[in-house]
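These are some notes for a colleague who is opening this structure without having seen it before. Please keep the sequence and the model side by side while reading.

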Amino acid sequence: MKPVVVALACAAALSPVLARGQAESYPVKPVRLFIGLAPGGGTDIQARLFAQKLSESMGRPFVVENRAGAGGTIAYAQAAKSPPDGYTLMGVSSGYTITPSIYSKLPYDPLRDFTPISLVVQAPFLLLVHPSLPVKSVKELLALARAKPGVLDAASAGQGSSTHMAFELFRTMSGVNITHIPYKGTGPALVDGIAGQVHMLFGNVLSTMTHVKAGRLRALGVTTARRSKVLPDLPTLDEAGVRGYENSTWFGVIAPAGTPPAIVGRLNAELNKASQSPEIIERIAPDGGEPVGSTPEQFGRHIAAEIARWRKVVKDAGITAQ
């Protein structure tokens, strides 16, 4: 056998061994976990929870770096251009699959430039109304909206935000005429919702349940396909009259395309193990979060399906790309 052929055959035989060794020794230095949002929000909180668990289980620091701006696209673009060596990861939420429909030109491709690792957490949004609104169910809200087209309004955290898309999905699926009012963030939208300056909004369990329990907001339904374990008496929107409605806020981790499969597999196993840990479950449960865990392939299909879904919603709602 020729020397070159022998060398190639030996390299092919050794490559699985080298890959396993690479995964077993990884990481040998701190790992950066980018977040395209400001500190303190739900995505940031979940990122820090999982970064802590990965630091404990993998023996090296996993450091969260917040790089907010332009709907997260600044962080996504920087992560996409980082070396695919497992030392730069990207924590993503539902907004990652919305931005391709909102921004006409992106400096990265959300499918081609990243490798999915795992979807680890999902949580519902709540459909909330001010108590002064004379409705106590989704059906009553729809009836009022149809009786008074264009009179009711809904707050969101901003144009193209996950709460905006939750509303637009609700509006287009139910066929009601409700006016969207974008705010500069979740906080201002929630403040005006509590004050009765707007009639309704979609919000996460973490930031709104205190106000629901205090009677400052009324929850009419959850957006997930199944009822929330935290709010078992609250119907899903599908049950309550918007047939087929399903939406959630979620958190997962991706890496630059080309990250070695052995490292992706190691991270996937550690993330899935962390999502099922008592510490994580205990922390996310009061916020309505439920552990998921997935294969990289399953998460990739989820991302692709979400991008396609939001493109349709944006088109149906007549939202103009920025």
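Predicted model: local features only at pLDDT ≥ 70, side-chain atom pairs only at ≥ 80, totals over all residues.

1. The buried residues are Tyr96, Thr97, Ile98, Thr99, Pro100, Ser101 and Ile102. The elements that cover these buried residues of H4 include helices H3 (73-80), H6 and H12 as well as strands S3 (88-93), S4 and S10 (249-256).

2. Within helix H6, which runs over residues 162-174, the reader may wish to look at Met165. Is Met165 buried or exposed? Its relative accessibility is 0%, and Met165 therefore counts as buried. Once its neighbours within four places in sequence are left aside, Met165 is in contact with Ile98 and Ile102, and also with Gly160, Trp310, Val313, Val314 and Ile319. Ile98 and Ile102 are themselves among the buried residues of H4. Between Met165 and Gly95 the C-alpha to C-alpha distance is 9.3 Å, although 70 residues separate the two in sequence.

3. The loop between H4 and S4 contains Asp113. A polar atom of the Asp113 side chain lies 2.7 Å from the backbone nitrogen of Asp109. If residues up to four places away in sequence are not counted, Asp113 touches Ala80, Tyr108, Ala255, Pro256 and Ala257.

4. Strand S8, made up of residues 200-204, is mostly covered, with 4 of its 5 residues buried. With strand S5 (residues 125-129), S8 pairs in the antiparallel sense over 5 bridges, and here Gly203 of S8 is the bridge partner of Leu126. With strand S6 (residues 153-156), by contrast, S8 pairs in the parallel sense over 2 bridges, and here Leu201 of S8 is the bridge partner of Ala155.

5. How many cavities of 30 Å³ or more does the structure hold? There is 1 such cavity, and the space in the largest cavity comes to about 70 Å³. S6, helix H7 (186-195), S8 and helix H8 (205-213) are the elements that give two or more residues to its lining. Among the lining residues are Ala155 and Leu201, which are also bridge partners in the pairing described above; Gly203 lines the cavity as well. By class, the lining of this cavity has 6 nonpolar and 6 polar residues, and no charged ones.

6. The second largest pocket holds about 380 Å³ of space. Of the 19 residues that line this pocket, Gln122, Thr224, Ala225, Glu246 and Ser248 are the closest to its centre. Strand S4 (114-123), strand S11 (290-291) and helix H12 (296-317) each supply at least two residues of the lining, and the largest share, 4 residues, comes from H12. Which classes of residue make up the lining of this pocket? It divides into 6 nonpolar, 7 polar and 6 charged residues, whereas the lining of the largest cavity has no charged residues.

Methods: Residues numbered from 1 in each chain as written. Heavy atoms only, no water. Buried < 20%, exposed > 50% of the residue type's maximum accessible area, 1.4 Å probe, protein only. Contact = heavy atoms within 4.5 Å. 1 Å grid on protein atoms, 1.4 Å probe; cavity = no way out; pocket = protein on both sides within 12 Å on 5 of 7 lines; lining within 4 Å. Points joined across faces, edges and corners; volume = space filled by probe spheres on them. Nonpolar A, V, L, I, M, F, W, Y, C, P; charged D, E, K, R; others polar. Pairing = 2+ DSSP bridges. Polar contact = N/O pair within 3.5 Å; in protein donor to acceptor, adjacent residues only side chain to side chain.
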